[in-house]
Amino acid sequence: MAPETVKVGKYNIDATEYLAEGHTFCTGCGEALAIRLVCKALGENTIISMATGCDEVCTSPLPVTSWRLPWMHTLFENASAGISGMEAGLKAMMRKGKVPERDIKFVAMGGDGGTSDIGLQSLSGALERGHDFLYVCWDNEAYMNTGIQRSSATPYGAATTTAPAGKLSMGQNTQKKNMVEICAAHDIPYVATACPSYPFDLMNKIKKGSEVKGPAYVHVLTPCPTGWRTPSNFTIEIGKLAVETGIFPLYEIENGRYRLNVTPTKLKPVEQYLKAQGRFRHLSPGELEKIQKDVDEGYAKLKEKVACFPAT
Ligand SMILES: Cc1ncc(C[n+]2csc(CCOP(=O)(O)OP(=O)(O)O)c2C)c(N)n1
Ligand code: SF4
Ligand SMILES: [Mg+2]
């Protein structure tokens with residue numbers, strides 16, 4: 001039976017809330033919003049393997065759960081290994097006629113720490129083996145549920161509890177790891193960036209990624225009021241600013257071909273994005289200038305890739 005839908009503009013959205021009320025995400029959490037939207041795009045025939053992170057901690061405190069989809073908590077490091085086993089096992093059982101043939105969406109989810117640090121080897125292995133699954137990374141740019149520690153996805157200049165800003169340090173002094181290009185380098189059919197501030201773009205990408213044959217990866221920027229030190233009613237705005245300043249462009253790579261999905265005629269100064277967040281409040285004019293230069297270079301490089309290898 002087709003799920004009940006609600007019409008929003010020209011879109012028919014699954015009316016079911018797969019993430020039940022009563023979860024413990026902070027007020028205004030971008031990750032909670034993204035999870036709701038992503039699950040609506042995936043629909044009921046979905047199995048999720050999830051690394052430890054805010055996504056898991058806030059949804060499954062024993063003895064209760066907010067999940068209305070089949071869901072398994074793996075370790076911090078092996079969400080992709082977990083989904084690989086489920087995909088291979090269930091497909092083998094279908095081939096043997098032990099369970100009915102059905103189009104199941106196999107999905108692994110993890111935070112930026114669980115993806116770009118500790119889960120990277122298991123993700124790389126699953127992409128390389130070609131499992132038919134979608135990986136979704138919730139990137140709030142630090143280890144948030146354990147107290148805002150830096151990860152390799154924390155951007156240059158951000159203050160965290162393990163890269164604090166003060167007299168001797170300006171916060172994170174390394175560049176954000178580029179997970180999108182790392183996944184694309186595995187030559188998988190679909191890779192994309194997304195943000196819940198652009199809900200239809202996010203849901204379209206999740207649908208695409210879950211429908212391609214083979215591995216897909218969607219990297220979702222999920223604003224975190226607690227760690228970014230932003231007001232809880234500013235989540236949508238700050239996500240938009242990330243895209244409009246070019247610090248987090250929305251793009252997709254289909255079979256190695258690039259497409260920019262949101263193309264502002266003129267990028268806003270990155271300072272507008274940085275100054276709106278407490279974690280960047282300490283940055284000097286020189287540091288702001290350096291970040292602007294890095295963003296300009298990164299964006300120009302991305303546009304060159306779009307020009308050289310355009311998606312049709
Ligand atoms: C092997 C191991 N080391 C450390 C931890 C503790 N731990 C659990 S979640 C987490 C941070 C998760 O960060 P991230 O993946 O970015 O998710 P977020 O909480 O930010 O959503 C840490 C350090 C653990 N569970 N297992
Ligand atoms: S710490 Fe951040 S990501 Fe985690 S629940 Fe709170 S707002 Fe969401
Ligand atoms: Mg995180």
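**Close-up views of a predicted model**

**View 1. Thr154 and the residues it touches.** Leaving aside residues up to four places away in sequence, Thr154 is in touch with Glu141, Ala142, Thr160, Gln172, Thr174 and Lys176. This is a predicted model, and the view sits in the loop that runs between strand S6 (134-139) and helix H6 (179-184), where Thr154 is found. Buried or exposed, what is Thr154? Its relative accessibility is 1%, and the cut-off for buried is under 20%, so Thr154 counts as buried. Zoom in on the side chain of Thr154 and you'll find one of its polar atoms 2.7 Å from the backbone oxygen of Glu141.

**View 2. Helix H3, end to end.** H3 covers residues 79-95, which makes 17 residues. Just past the helix, Gly97 takes a positive phi, at about 75 degrees.

**View 3. The buried side of the story for H3.** Here we pick out the buried residues of H3: Ala79, Ser80, Gly82, Ile83, Ser84, Met86, Glu87 and Met94. What do they pack against? Their partners are strand S3 (46-50), strand S4 (71-73), strand S5 (105-111), helix H5 (120-129) and S6.

**View 4. The shell around ligand 2.** Ligand 2 is surrounded by Phe25, Cys26, Cys29, Cys54, Asn140, Met144, Cys224, Pro225 and Thr226. How many of the shell residues are nonpolar, polar or charged? Seven are nonpolar, two are polar, and none is charged.

Technical notes. Residues numbered from 1 in each chain as written. Chains lettered and ligands numbered in written order. Predicted model: local features only at pLDDT ≥ 70, side-chain atom pairs only at ≥ 80, totals over all residues. Heavy atoms only, no water. Helix = DSSP H or I, 4+ residues; strand = E, 2+ residues; numbered from the N terminus. Buried < 20%, exposed > 50% of the residue type's maximum accessible area, 1.4 Å probe, protein only. Polar contact = N/O pair within 3.5 Å; in protein donor to acceptor, adjacent residues only side chain to side chain. Contact = heavy atoms within 4.5 Å. Expected span 1.5 Å × (residues − 1). Near = heavy atom within 4 Å. Nonpolar A, V, L, I, M, F, W, Y, C, P; charged D, E, K, R; others polar.
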